[in-house]
Amino acid sequence: MSEQAERDGVVIASSSAGSPEQAARDIAADIARQSPDEAPRDALAGLICFVCASHDAARFAAEIETALPGVAIYGCTTAGELAPSGWASQSVVALGFLRRDFTLVAHLVQNLSHFSVEAGRAAFMETRDALIASDPRIEPEHCFGLLLIDGLCRREEAVISALYSALDEIPVVGGSAGDALSFDKTFMIRGGEVFRDAALLLLFHTNLPFAPFKCDYFEPTQNKLVVTDADTDLRIVRELNAEPAAAEYARAVGVMESKLETSSFASHPVLVGVGGQYYARSIQKVNADGSLSFFCAIDEGLVLTVAKPRDPYESTLATFVSMEEQLGSVSLYIGFDCVLRRLDAERRQISRRLSELYRSRRVIGFNTYGEQFRSMHVNQTFTGIALGRRSREDAAE
């Protein structure tokens, strides 16, 4: 392992192997090679794996646990990967957090379909207390959380509500797991097992500098759409402005209704204003009856604002520059990037430029079905944690 990689506190591995078993063995070998003098089980506080949907997640989980005995392993399936080489597909990427720089506790939430905000809040408070109690030197201001959640559960807002009230000042970012746009099933990984209808909260303490970030490239217009008929449980909008939803949306964004598809939604999200800021609410698909399925919670009476795009590349670059100014230097971005941003970049023919930008800034993570940023579940957004470098004094210890 390079001196710089150890100083940054995180080791990175990736594999494009054709089978989940070989991918797991590749990841394990790479992690073991990069670990400091001790074995991975002693060197790592935990390993997070982002696994492509073309792999059998259960087979990967079983193999990686066998290959890295004693290592705490977590992860989820993806709609694409953010790898050391940039945007990737049909691969696995992994982040190993060194004990020297990180303390990690985790909580698995199962049966999200029946998630209780009250019970979730209590469980998340216990997780927070467990992290703080694990070492008397731990202080909440040096903690952050990552949330991985089933991208098809439609319960992100409830989980985030419980998190926000339980964790106080600890910032949480994260992503909704994907399955390469199949919209069939997504998986969480814990140890050698996989779970559906589940979420993972990973709480970290670190003495490395860090900062949460959020990036999008849309701004509001004066064009409004009011949700006048909806199935809130299923996130389906039947009417906008008292007109059939798909037809009214198509009219508002200037696209023929017959041409509405995933790329249309990627290019034309709608926004919701909250506290003076706007957050994207993306559409998943048009249904046979002309209604629209959304990736985020939708309520009757909600006012949606048609968005106008800015330059995606320049907006993303500006976010990186801002983080680097704030932290002095950034060694790694743990990123959760909406799959619709990637599809829109492909439509605009700038995917290669953005992929290279991610590679040059060392962004590791996955393409999501939704993103979490503090108290909000959003779409068509790039969120994450920017990790700074250890000070020279700490590095010399």
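Author: A residue is called buried when its relative accessible area is under 20%, exposed when the value is over 50%, and partly exposed in between, with a 1.4 Å probe and protein chains only. The structure is a predicted model in which local features need pLDDT of at least 70 and side-chain atom pairs count only at pLDDT 80 or more, while totals for chains, interfaces and linings use all residues. Residues are numbered from 1 along each chain as its sequence is written, and side-chain values use heavy atoms, with hydrogens and water left out.

Reader: Is arginine 348 buried, exposed or partly exposed?

Author: Arginine 348 is partly exposed, because its relative accessible area is 27%. Helices (H or I, at least four residues) and strands (E, at least two) are DSSP runs numbered from the N terminus. Arginine 348 belongs to helix H10, residues 339-348. Contact means heavy atoms within 4.5 Å. When neighbours within four places in sequence are left aside, arginine 348 is in contact with Tyr217, Pro309 and Pro312.

Reader: How many helices and strands does the protein have?

Author: The secondary structure amounts to 12 helices and 26 strands. The radius of gyration, taken over C-alpha atoms, can be compared with a globule rule of 2.2 Å times the number of residues to the power 0.38. For the 397 residues here the rule gives 21 Å and the radius of gyration is 21 Å, so the protein is as compact as a globular protein of that length. The C-alpha trace spans about 65 × 45 × 40 Å along its principal axes.

Reader: What share of the residues is buried?

Author: Buried residues make up 56% of the 397. Among contacts with a separation of 6 or more, 81% join residues 24 or more positions apart.

Reader: Which residues touch the most other members of the largest nonpolar core?

Author: In soluble globular proteins, nonpolar side chains tend to be buried together. A nonpolar core is a set of buried Ala, Val, Leu, Ile, Met, Phe, Trp, Tyr and Cys residues joined through side-chain atoms within 4.5 Å. The largest one here has 36 residues, and those touching the most other members are Phe50, Leu95, Phe102, Leu146, Leu148, Phe204 and Leu387. Beyond its neighbours within four places in sequence, phenylalanine 50 has contacts that include Cys76, Val93, Leu95, Leu148, Phe336 and Phe366.

Reader: Against which elements do the buried residues of helix H6 pack?

Author: Helix H6 covers residues 156-166, with Glu156, Ala158, Val159, Ile160, Ala162, Leu163 and Ala166 buried. The buried residues pack against helix H5 (117-133) and against strands S8 (143-149), S9 (172-176), S12 (199-206), S24 (371-373) and S25 (376-378). Serine 165 is also found in H6, but at 35% relative accessibility it counts as partly exposed.

Reader: In which loop is leucine 181 found?

Author: Leucine 181 is in the loop between S9 and strand S10 (188-190). With a relative accessible area of 31%, leucine 181 is partly exposed. Leaving aside neighbours within four places in sequence, leucine 181 is in contact with Val339, Leu343 and Tyr369.
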